[in-house]
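Hello,

Here is the structure I promised to pass on. Please open it first, then read my notes below.

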Amino acid sequence: AELHITATLPPLAHIFAYADRDHIGGSKATLIALQTTSGLLPQLPTASAEPKVDSSDPQFGIMRYHEGDVTWTQRIEVPKSAPAGEYPLAGVLGYQVCMGGSQPSCEMPTAIRFAAALKVGSERSNNDTPLTFAPGDGYHAAAQAAEALADYYLPGAAATQVPNPSTSPSTTTSNAASAGIGSAAGAAYDLGRITLESTENSESLSYYIAIAFVGGLILNLMPCVLPVIGLKVMSFVEQSGKSRAHAFMLNVWFSAGIIAVFVLLGVLAATAHLTWGGQFGNTAFNVTMAAVVFAMALSLLGVWEVPIPGFFGSGSMQSAASKEGPLGAFLKGVVTTVLATPCTAPLMAAAIAWAVTQPIAINLIVFATVGLGMSSPYLLVGVYPELLRFLPKPGQWMETFKQISGFVLLGTVVFILSFIEAAAIVPTIMLLLGIGVACWVVARTPLTAEFGARLKSWMAAAVVVLLFAVGSFGVMYRLATAPVDTAWQPFSLERLQQVAVDEGKTVLVDFSAEWCFNCKLFEKSVLHTKPVEQAIAKSGAVTMYADFTQYPPEIKRTIEKLGANGVPVIAIFPGGAPFQPIVFRGGYRQKDLIDALADAATRRATTEVSRGPQPPTFTPAVVR
């Protein structure tokens with residue numbers, strides 16, 4: 001059997017296309033919710049003509065509508081085993097009509113109820129059975145009924161174009177899932193349509209160099225850097241008793257290590273589009289860093305001695321400081337900078353975000369300036385060592401401080417483990433145990449022993465590390481699982497398209513990463529606080545979490561389109577203007593988010609109410 005409902009529209013009027021459920025926000029789709037009994041199986045209704053598509057107004061998203069008369073046909077499969085007799089049919093029809101012309105206006109969405117009796121017998125009947133209509137309970141009730149039946153319809157063939165029953169009884173069948181108000185199933189949010197508020201200003205290169213320098217200077221105070229800075233203070237103590245030239249030379253090498261890493265990051269940002277802190281999205285890099293820091297901590301705790309003079313403590317702290325050389329100072333600068341990359345200092349984010357959009361020469365200048373700002377305190381101490389007069393004289397306290405620094409570095413290992421891939425945590429701990437055993441093996445052979453004996457100890461240590469690596473990542477890692485558990489919806493461009501564009505809902509996306517300390521700080525102190533959560537609930541915004549921990553390309557592209565070069569980023573996509581997001585880069589306040597959510601609500605598409613257009617006339621029938 002087939003159910004036909006025809007809408008005859010007044011001149012200049014249009015009715016919105018059929019959808020299997022209400023897409024909240026903007027115009028209201030035509031809904032046909034058919035209630036069935038006794039095992040009759042309905043298919044999705046289809047229209048007699050393809051709807052027109054209008055995407056010219058980004059505030060309303062993609063609109064699909066019919067002008068003139070349109071007939072919706074719904075096929076109803078009657079099982080061969082169905083007994084003869086009358087089968088009651090009932091349903092609800094929700095719709096909205098708008099009038100074009102010089103003064104466009106829209107009627108309020110409304111609904112009507114329909115009913116009929118379908119006769120089933122051994123012989124086919126050629127008689128049409130008319131429907132009866134009655135006022136409905138409103139469009140919202142129709143939406144609820146359609147939502148309840150949306151997953152019940154048969155997924156099979158349905159007519160894309162069904163000839164009007166008054167002209168031809170035949171039908172053609174094909175999939176008509178695209179007849180709804182939304183875009184085609186599986187479509188992704190189009191990043192190319194994003195338009196941001198203009199950020200162009202009159203600031204020159206010198207302005208960004210200045211804020212890059214200040215941002216690099218502040219980076220020394222970030223929690224990622226402080227554990228290693230304490231070790232550098234120890235070398236300052238020793239340098240206070242040396243010549244100014246010697247102190248300056250060591251600090252220049254330390255600064256060179258810092259600047260070298262920033263220049264490398266600038267090259268990677270310009271060529272490989274690596275974002276700030278992006279290397280921490282690589283599990284292998286995280287495991288390597290955890291291993292290096294763990295070995296450094298064991299050296300400070302006296303388990304073994306690093307064979308590089310002055311590199312994080314060999315023997316006593318005083319003797320280590322006295323032996324510090326250019327290579328040790330340079331490597332300290334490299335390690336210090338690499339550990340700093342999970343943090344982003346104020347002003348620094350703006351400078352880097354601007355730099356990556358510039359030619360590579362300017363990009364490298366800005367990145368190098370951040371490094372120069374970070375290293376400037378050490379260069380200043382190298383030039384004026386008398387600034388360290390406030391530090392106590394070398395003594396036993398330095399050895400205690402060295403050991404305390406070792407425990408601080410162990411805390412850094414825990415920090416790295418906190419954002420490492422879940423499946424890699426236990427294997428990494430097992431590998432660290434192997435590194436501890438290897439360091440103990442090396443320490444059993446003193447540095448004064450013959451070269452052959454020291455070589456054998458290092459080879460034995462390498463074998464130990466290799467065995468633990470095979471056991472941890474060759475076996476345990478492959479067997480481990482990494483479940484993702486988040487209270488927010490996982491972000492994807494397909495989901496953003498569906499919710500923000502098709503359904504017209506405001507979406508708040510938190511672009512974050514497990515290795516991003518600042519992200520977690522802002523989430524705990526701002527995003528997940530009661531005032532912001534109340535504002536989110538009041539606005540009706542849908543929340544999504546974009547996990548940048550493993551550096552996924554889709555999220556990376558989205559971050560770049562939003563004008564950022566790393567996380568944290570908060571983006572609010574208004575339901576009425578989904579391609580004009582409100583973006584916060586590098587940080588945000590409670591008031592910022594609350595005001596932005598309120599602003600997004602005002603951008604939501606609204607429907608103008610008018611009693612100008614006449615309602616459509618429906619011509620129904622149930623036919624064979």
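**Aromatic rings**

Tyr207, Tyr208 and Trp354 are linked into a cluster by ring pairs. Bear in mind that this is a predicted model. The count of aromatic pairs comes to seven.

One of them joins tryptophan 253 and phenylalanine 330. The pair is edge-to-face, with 6.3 Å centre to centre and 80° between the planes. Tryptophan 253 lies in helix 4 and phenylalanine 330 in helix 7 (residues 326-340), so the pair ties together parts that are 77 residues apart in sequence. Tryptophan 253 is partly exposed, at 38% relative accessible area. Phenylalanine 330 is partly exposed too, at 25%.

Phenylalanine 254 and tyrosine 378 also form an edge-to-face pair. Here the values are 4.8 Å centre to centre and 75° between the planes. Phenylalanine 254 is in helix 4 and tyrosine 378 in helix 9, so this pair ties together parts 124 residues apart in sequence. Tyrosine 378 counts as buried at 4%, because the cut-off for buried is under 20%.

**A covered helix**

Trp354, from the ring cluster, is one of the buried residues of helix 8. That helix spans residues 348-355 and is mostly covered, with six of its eight residues buried. Besides Trp354, the buried residues are Met348, Ala351, Ile352, Ala353 and Ala355. What covers them includes helix 2 (205-219) and helix 9.

**Nonpolar cores**

The largest nonpolar core has 86 residues. Which of them touch the most other members? They are Tyr189, Phe491, Val507, Phe511, Val567 and Phe573. Helix 5 (residues 283-300) gives the most to this core: eleven residues.

Back in the largest core, take a look at phenylalanine 573. Leaving out residues up to four places away in sequence, its contacts include Tyr189, Ile194, Leu496, Val507 and Leu562. Pro578 and Pro581 are also among them.

Phe248, Val252, Leu380, Val383, Tyr384 and Leu387 make a nonpolar surface patch of about 480 Å². Helix 4 (244-271) and helix 9 (360-383) are the elements that give two or more residues to it. Phenylalanine 248 is found in helix 4. Its relative accessibility is 35%, so phenylalanine 248 counts as partly exposed.

Best wishes

Key: Residues numbered from 1 in each chain as written. Predicted model: local features only at pLDDT ≥ 70, side-chain atom pairs only at ≥ 80, totals over all residues. Heavy atoms only, no water. Core = buried A, V, L, I, M, F, W, Y, C linked by side-chain atoms within 4.5 Å. Buried < 20%, exposed > 50% of the residue type's maximum accessible area, 1.4 Å probe, protein only. Helix = DSSP H or I, 4+ residues; strand = E, 2+ residues; numbered from the N terminus. Contact = heavy atoms within 4.5 Å. Patch = residues over 30% accessible without salt bridge, like charges linked within 9 Å, V, L, I, M, F, W, Y side chains within 5 Å. Areas by Shrake-Rupley, 256 points an atom, 1.4 Å probe, with all protein chains shown as cover. Salt bridge = Lys/Arg side-chain N within 4 Å of Asp/Glu carboxyl O. Phe/Tyr/Trp six-rings, centres within 6.5 Å; stacked < 30°, edge-to-face > 60°.
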